[in-house]
Amino acid sequence: APTEVLIFVNNYFSWLTAEAIKGRPCVIDKYIGDEVMVLFSKEFGSDNPFEEALQTARWISENDFLDFRPHIGIASGLVTAGFVGTPVKYNCSVFGQPVTIASRCTGVKPDGLFSSSIVFPADLWNDRNLDDLFEPKKYKGPDGKNFEQPHGWKLRDARTVDLKNIGHFEIREIVHQVLHRPSQTAEDRARECLQILQKSGF
């Protein structure tokens, strides 16, 4: 139902915003439908904007407690900040090819079973190592011994896809192979919230 969708999207933005900006040098630029645009820049305190965007995407995906299964697109390059619109309605945002590429990358869906994906231009990866960027989680057991849990991510080979209004484009994908099994889905939570509102007379 429309109201359930509204609640669902608000739950999504509340969760994503909390996870995206939690102690990270980034700025929430805007919400677009059911998407959010997050900016990383040395101007905002990033040492390495691309790598910090990747690590934020990892954090978001690994803390997906309602199983939203986000598709995340990342791009890098020069953008211009400015106002767009008319005196009746206008917004301030950033504009440029990186914004378009990141948006198109979110629409690339890898084949197979996975909980979320991170897609970006292949040339951004260079000679990086996934295990260096996505270190295993470290825990201390009841006996006091330290142990590590593998990260569950897989870097896929570069492939060429057709991006709308861009054409053939080479991308890389990192997919999260760990599936979430929440006790309550985002859809069920939205329905429950609606029932609470209705019982309250709204």
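Q: How many residues does α1 have, and how far does it reach from its first C-alpha to its last?
A: Keep in mind this is a predicted model. α1 has 19 residues and reaches 26 Å between its first and last C-alpha atoms, close to the 27 Å expected at 1.5 Å a residue.

Q: Which residues of α1 are buried?
A: The buried ones are I7, V9, N11, Y12, F13, W15, L16, T17, E19 and A20.

Q: Let's take α2 then. At what angle does it pack on α1?
A: About 135°, with the two axes 9 Å apart. Here α1 is residues 2-20 and α2 is residues 49-62. That angle makes α1 oblique to α2.

Q: Why give both an angle and a distance?
A: Because two packed helices are described by the angle between their axes and the distance between the axes.

Q: Where does α5 come in? What's its angle to α1?
A: α1 and α5 pack at about 115°, and their axes are 8 Å apart. α1 passes α5 in a right-handed crossing.

Q: Who's touching whom there?
A: On the α1 side it's T3, E4, I7, F8 and N11. They meet A186, E187, R189, A190, R191, C193, L194 and L197 in α5. Sorted by class, the contact of α1 with α5 has seven nonpolar, two polar and four charged residues.

Q: How many of the α2 residues are buried?
A: 10 of the 14, so α2 is largely enclosed by the rest of the structure. The buried ones are F50, E52, A53, L54, T56, A57, R58, I60, S61 and E62.

Q: Buried or exposed?
A: F169 is buried: its relative accessible area is 17%, and the cut-off for buried is under 20%.

Q: What does F169 touch?
A: Not counting residues up to four places away in sequence, F169 touches I101, P121, R159, T160, V161 and L163. Also, F169 and R104 are 65 residues apart along the chain, with their C-alpha atoms separated by 10 Å.

Q: And F83, where is that one, and is it buried or exposed?
A: F83 is in strand β4, residues 80-85. F83 counts as exposed, because its relative accessibility is 64% and exposed means over 50%.

Q: So what is F83 in contact with?
A: Leaving aside neighbours within four places in sequence, F83 is in contact with Y90, N91 and C92.

Q: How far is F83 from V99?
A: They're 15 Å apart in space, C-alpha to C-alpha, and 16 residues apart in sequence.

Q: Now the backbone. What's the phi of N126?
A: About 55°, which is positive even though N126 isn't a glycine. N126 lies in the loop between β6 (116-121) and α4 (130-133), and it is exposed at 59% relative accessible area.

Q: What about N165? What's its phi, and where is it?
A: Phi of N165 is near 65°, again a positive value in a residue other than glycine. N165 is in the loop between β10 (159-163) and β11. At 70% relative accessibility, N165 counts as exposed.

Q: Last bit, the whole chain. How many helices and strands?
A: Five helices and 11 strands.

Q: What does the C-alpha trace span, and what share of the residues is buried?
A: Along its principal axes the trace spans about 60 × 55 × 35 Å. Buried residues make up 37% of the 202 in the chain.

Q: And what share of contacts comes from residues 24 or more positions apart?
A: 59% of the chain's contacts with a separation of 6 or more.

How values were computed. Residues are numbered from 1 along each chain as its sequence is written. This is a predicted model: local features need pLDDT of at least 70, side-chain atom pairs count only at pLDDT 80 or more; totals for chains, interfaces and linings use all residues. Side-chain values use heavy atoms; hydrogens and water are left out. Axes are lines fitted to C-alpha atoms, for helices over the stretch in contact, and angles run from 0 to 180 degrees between N-to-C directions. Helices (H or I, at least four residues) and strands (E, at least two) are DSSP runs, numbered from the N terminus. Angles under 35 degrees count as roughly parallel, over 145 as roughly antiparallel, 65 to 115 as roughly perpendicular and the rest as oblique. The expected span of a helix is 1.5 Å times one less than its number of residues. Buried means under 20% relative accessible area, exposed over 50%, partly exposed in between (1.4 Å probe, protein chains only). Contact means heavy atoms within 4.5 Å. A crossing is left-handed if the near helix is turned anticlockwise from the far one by less than a right angle, and right-handed if clockwise. Ala, Val, Leu, Ile, Met, Phe, Trp, Tyr, Cys and Pro count as nonpolar, Asp, Glu, Lys and Arg as charged, and the others, Gly among them, as polar.
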